[in-house]
Amino acid sequence: MATRKTSDTGPAKGSNPAPKGSNIPADELKHYYREMLLIRRFEEKAGQLYGMGLIGGFCHLYIGQEAVVVGLEAAAEEGDKRVTSYRDHGHMLACGMDPKGVMAELTGREGGYSKGKGGSMHMFSKEKHFYGGHGIVGAQVPIGAGLAFADKYLENGRVTFSYFGDGAANQGQVYETYNMAQLWDLPVVFVIENNQYAMGTSVQRSTKSPSLWERGAAYGIKGEEVDGMDVLAVKEAGERAVKHCREGKGPYILEIKTYRYRGHSMSDPAKYRSREEVQKMREERDPIEQIRQVLLSGQHATEDDLKAIDKEIKEIVNESAEFSKESPEPALEELWTDIYAKEAPQEA
Amino acid sequence: MATEILMPALSPTMEEGTLAKWLVKEGDTVASGDILAEIETDKATMEFEAVDEGTVGKILIDEGTEGVKVNTPIAVLLEEGEDASAIDSAGGNTGDDAKAEVKEETKAEPKDTVPADSPAASSPAAAAPKPPRTPDWPEGTETKTTTVREALRDAMAEEMRREDNVFLMGEEVGEYQGAYKISQGLLDEFGPKRVVDTPITEHGFTGIAVGAAFGGLRPIVEFMTFNFAMQAMDQIINSAAKTLYMSGGQMGAPMVFRGPNGAAARVGAQHSQDYAAWFMQIPGLKVVMPYSAADAKGLMKSAIRDPNPVIFLENEILYGRSFEVPVMDDFTIPLGKARIAREGTDVTIVSFGIGMTYALEAAEKLAADGIEAEVIDLRTIRPMDTDAIIESVKKTNRCVTVEEGWPQGSVGGYISTVLMQEAFDHLDAPVINCTGKDVPMPYAANLEKHALVTTDEVVEAVRKVTYK
């Protein structure tokens with residue numbers, strides 16, 4: 001099985017002969033910076049609102065993993081689909097969903113994507129081809145393959161990104177899905193966001209198999225490991241995966257090595273890893289800092305340019321927070337709506 | 001000594017079959033494992049192998065003969081050194097008591113009840129007053145005698161012709177022609193793109209089907225039996241049933257989960273459970289459980305068109321039974337509407353699916369004693385047509401429910417609750433729930449019979465509530 005292993009040897013400030021990103025237009029680099037920063041600031045704000053009691057229940061923050069979705073969205077085309085687990089805010093922002101609607105769903109308000117009835121873990125957007133937001137670990141994996149099944153059936157050339165974590169990678173249905181996806185050549189990219197911890201259980205304490213993506217070889221599925229702290233590496237790998245799927249060659253696995261800075265959800269005892277480990281990752285591998293350095297060292301942007309972006313993002317996030325507070329709670333009648341559809345849904 | 005070769009029972013529910021083809025002729029020598037004949041059952045065409053060695057002395061049943069009962073002698077096998085004169089003495093070998101007993105214990109179904117007001121009805125059980133019924137098709141419509149199996153197949157085929165995005169997936173639905181022959185012929189007509197054989201992987205393919213529904217297709221998922229759907233329960237409940245609500249109405253899973261449900265015959269505890277009450281509890285799901293072939297067809301077509309996930313609970317024993325089905329271009333029955341299968345004044349018997357067999361039988365027995373039961377076939381368990389039940393109970397003031405499922409948390413239990421809350425003043429007796437016994441299904445024939453609800457229990461319950 002032809003496979004590829006991309007470099008995951010640390011920060012961008014390596015000793016490449018040509019400066020990293022020098023062949024990429026400045027606007028594109030700035031776009032990645034902007035998108036990742038939006039997720040980071042949005043999540044920080046969500047954490048803050050949770051602390052204020054405005055967000056309830058579970059709230060799984062994406063801080064640290066931003067390069068994964070931003071890199072892969074850069075490899076996607078209009079009409080491609082995505083589905084993920086409950087750690088889903090980043091995916092929604094990256095595919096262009098409105099931060100206001102996402103934040104208002106977190107606060108359980110009428111203006112949220114699910115009218116306040118879904119919550120942090122359950123949001124959807126037909127318009128942006130985002131299919132949730134699923135709370136049962138691993139269940140979104142066959143759903144992603146099913147979306148790809150529909151696309152292949154409809155012969156529309158679309159590709160689906162089916163995201164899951166290192167924890168879900170031990171669920172049986174993932175392998176049932178691998179088997180069928182390869183059997184039927186489904187255009188689905190299985191994206192393993194390996195942030196190294198399934199809640200509080202490290203990969204090393206979950207499995208003895210050395211890498212997660214290599215499990216696809218048992219089904220004949222190609223894949224690779226990717227440095228998930230490097231948005232450019234993610235984008236490149238994403239392009240390879242998408243090309244493979246789009247050419248009708250079946251599924252592809254990307255195991256993206258990433259890291260979550262925050263706890264699993266909001267009440268995480270953080271006993272399963274050291275503060276130093278988290279700190280080291282933040283200081284040496286941070287995806288936003290990496291792209292910032294590429295922008296500055298390659299003279300693609302000035303400090304002032306980046307400050308302007310920071311300011312713009314801050315405003316967007318503040319607006320979304322304001323909206324999420326001002327939007328009213330759903331009307332009580334909403335309790336009884338959307339249980340049964342009256343008409344057949346129309347695919348966007 | 002010459003041995004008679006008997007018509008074999010090749011499936012748990014087989015009572016008779018067609019001797020499709022002889023692969024040996026008189027005078028041929030056969031050894032153990034040689035294929036003697038092809039036998040067609042209600043499920044499939046199967047090869048029948050020799051157990052003993054010898055010479056085929058005489059073929060007793062010609063090929064092409066239909067309706068050959070299980071255990072009928074079909075040929076005589078001569079041992080070495082015997083000649084045809086030994087054939088007459090073979091009779092002593094036919095008794096095979098064990099097999100004969102099995103046959104007797106196989107559920108003896110009453111002759112199928114034909115809707116009595118349909119023109120073609122031969123009205124086999126017509127001793128009682130003709131049961132008026134809720135009209136599902138215009139008066140005077142031509143009808144055709146059809147098995148439940150054919151009705152289900154026809155419904156799927158019609159809907160697949162009507163809508164390109166409807167497809168069938170499941171284990172053995174294609175090349176095998178369906179484990180219970182429900183999808184027979186569909187692969188030939190629609191091809192492998194739309195009749196998709198899956199690996200044995202219920203959790204996985206159910207999830208894929210849910211995703212396909214999100215993605216704009218209209219999947220029909222066949223579970224070889226609903227017992228296997230337990231592996232896929234999370235996808236059915238958490239992914240299919242709840243997404244419309246969780247998405248604020250943006251997207252849902254318009255699809256059908258179908259397959260045989262409940263006890264068949266002698267298949268043991270893990271293959272004999274009725275899931276009506278389980279699925280009935282879930283908001284977001286619709287649950288259908290037809291009895292007659294007309295209902296199977298009309299409800300299946302509606303289920304496939306419904307924009308919600310529909311659980312369609314079939315029954316293996318009913319598959320082979322025939323009913324009148326209207327000959328119409330597009331015959332549908334709305335989900336959520338019960339049918340009055342028999343009108344009566346003294347008690348309301350509510351049932352659904354195969355439970356209707358007991359309900360109707362009991363009603364006939366009671367009629368002989370002057371007790372006129374009104375029998376309601378729910379057809380759809382969720383949404384449940386409780387109005388129909390309440391209306392009937394207002395007239396009869398008594399209610400007995402009948403189902404094969406277990407008592408605790410049963411469909412009948414829910415009906416009792418509804419009647420307590422909404423028709424308490426109309427009840428002259430407590431509602432009695434006739435259910436399957438509170439035990440896993442035993443294998444032994446006599447125990448299995450007692451584990452299921454029986455007609456006598458229904459009769460007894462009616463006598464209790466009518467104080468007669």
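Which residues are buried in α6(A)? I looked them up in this predicted model, where local features need pLDDT of at least 70, side-chain atom pairs count only at pLDDT 80 or more, and totals for chains, interfaces and linings use all residues. Residues are numbered from 1 along each chain as its sequence is written, while chains are lettered from A and ligands numbered from 1 in the order in which they are written.

**Helix α6(A)**

I found Q173(A), V174(A), E176(A), T177(A), Y178(A), M180(A), A181(A) and Q182(A) buried (20 or more other C-beta atoms, placed from the backbone, within 10 Å of the residue's own). Helices here are DSSP runs of H or I with at least four residues, strands are E runs of at least two, and both are numbered from the N terminus.

I checked the length of α6(A), residues 172-183. Just after α6(A), D185(A) has a positive phi of about 55 degrees.

Next I asked what the buried residues of α6(A) pack against. In chain A I noted α5 (140-154), β4 (160-165) and β5 (188-194); from chain B comes α4 (202-214).

**Chain B against chain A**

I then turned to the two chains. In contact (C-beta atoms, placed from the backbone, within 7 Å) are 36 residues of chain B and 39 residues of chain A. On the side of chain B that touches chain A, α4, α5 (233-241) and α6 (243-246) of chain B each give two or more residues. The largest share, ten residues, comes from α4(B).

How values were computed. Buried ≥ 20, exposed ≤ 12 C-beta atoms within 10 Å, placed from the backbone. Contact = placed C-beta atoms within 7 Å.
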